[in-house]
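Visitor: I have not looked at this structure before, and I would like to learn how to read it one feature at a time. Could you take me through it slowly?

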Amino acid sequence: MEISTEKSLWYLFIEGDLNAFSSLFKHFYPSLYNYGLKISGNTAITEDTLQSFFVYLHENRHSIGKVSNVKSYLFISYRRALLKGLTKERKYTSYDDSTIEESNFTLSIEELSTRQEVFKLKSSVLIKLLNSLSAREREAIYLKYYSCLNTKEISEVMDITYQSVLNTLQKAFTKLRSNTQTNIIQNIITTN
């Protein structure tokens, strides 16, 4: 969906158009769900908080105001709602960036779907390499390459500075490059 189409739908949604709300829901639900599942690791909590999030949006659409980037706004807002929902679910655990660091924010082969055996092998190697990164690095890569957010949007979603996003991505790529030059790949290939 193009940014101008997103903005048009958002405007119509704010004005109360149910078809626009439905279109936004259908378009963004899958990517928000996948992102939420990466953070929570729990399908029930992810579904509940995402549905509650969209209900909240609909009920409070008049007070939301102007949004310059719909996709970025939805990712930021849903992430906050999910972290609140997780905290509520587990009353004695506060969820923030450090909790996400310890979470199961992993990438799966399905997200790198392949059609050929050779590509599957490369994908499994890539998944193992990606999952060797820190949770923050994996989250930044997920937002950049799987959710197609730009660096500014990632900084807003992850609530870190623009420079921190660049540094995190750079560290991730440095680790990936060094891991590909070690014996790790040989070990991965021989175990598959």
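Visitor: How much space lies in the largest pocket?

Guide: As a general idea, rolling a probe the size of a water molecule over the atoms shows where empty space is left. Here, in what is a predicted model, the largest pocket holds about 410 Å³ of space.

Visitor: Which residues lie nearest the centre of the largest pocket, and which helix gives the largest share of its lining?

Guide: The lining of the largest pocket is made up of 15 residues, and those nearest the centre are Phe 53, Tyr 56, Ser 77, Ala 81 and Lys 84. Helix H3 (43-59), helix H4 (61-64) and helix H5 (70-89) each contribute at least two residues to this lining, with the largest share, seven residues, coming from H5. Sorted by class, the lining of the largest pocket contains six nonpolar, six polar and three charged residues.

Visitor: How many helices and strands does the protein have?

Guide: There are eleven helices and zero strands in the protein, and of its 192 residues, 42% count as buried.

Visitor: Which residues have the most contacts inside the largest nonpolar core?

Guide: The general idea is that in soluble globular proteins, nonpolar side chains tend to be buried together. In this model the largest nonpolar core has 45 residues, and Trp 10, Leu 32 and Phe 54 are the ones with the most contacts inside it. Several helices supply at least two residues each to this core, among them helix H1 (3-14), helix H2 (18-40), helix H8 (135-146) and helix H10 (162-180), while H2 gives the most, with nine residues. This core also draws at least three residues from each of domain 1 (3-98) and domain 2 (107-191).

Visitor: Why is helix H9 described as largely enclosed by the rest of the structure?

Guide: A residue is called buried when its relative accessible area is under 20%. Helix H9 (residues 151-158) has eight residues and six of them are buried, so the helix is largely enclosed by the rest of the structure. The buried residues of H9 are Thr 151, Glu 153, Ile 154, Ser 155, Val 157 and Met 158.

Visitor: What is found at the start of H9, and which residue follows this helix?

Guide: At the start of H9, the backbone nitrogen of Lys 152 has a side-chain oxygen of Asn 150 within 3.1 Å of it. After H9 comes Asp 159, which has a positive phi, near 55 degrees.

Note on methods
Residues numbered from 1 in each chain as written. Predicted model: local features only at pLDDT ≥ 70, side-chain atom pairs only at ≥ 80, totals over all residues. Heavy atoms only, no water. Buried < 20%, exposed > 50% of the residue type's maximum accessible area, 1.4 Å probe, protein only. Helix = DSSP H or I, 4+ residues; strand = E, 2+ residues; numbered from the N terminus. Polar contact = N/O pair within 3.5 Å; in protein donor to acceptor, adjacent residues only side chain to side chain. 1 Å grid on protein atoms, 1.4 Å probe; cavity = no way out; pocket = protein on both sides within 12 Å on 5 of 7 lines; lining within 4 Å. Points joined across faces, edges and corners; volume = space filled by probe spheres on them. Nonpolar A, V, L, I, M, F, W, Y, C, P; charged D, E, K, R; others polar. Core = buried A, V, L, I, M, F, W, Y, C linked by side-chain atoms within 4.5 Å. Domains from an automatic or database assignment.
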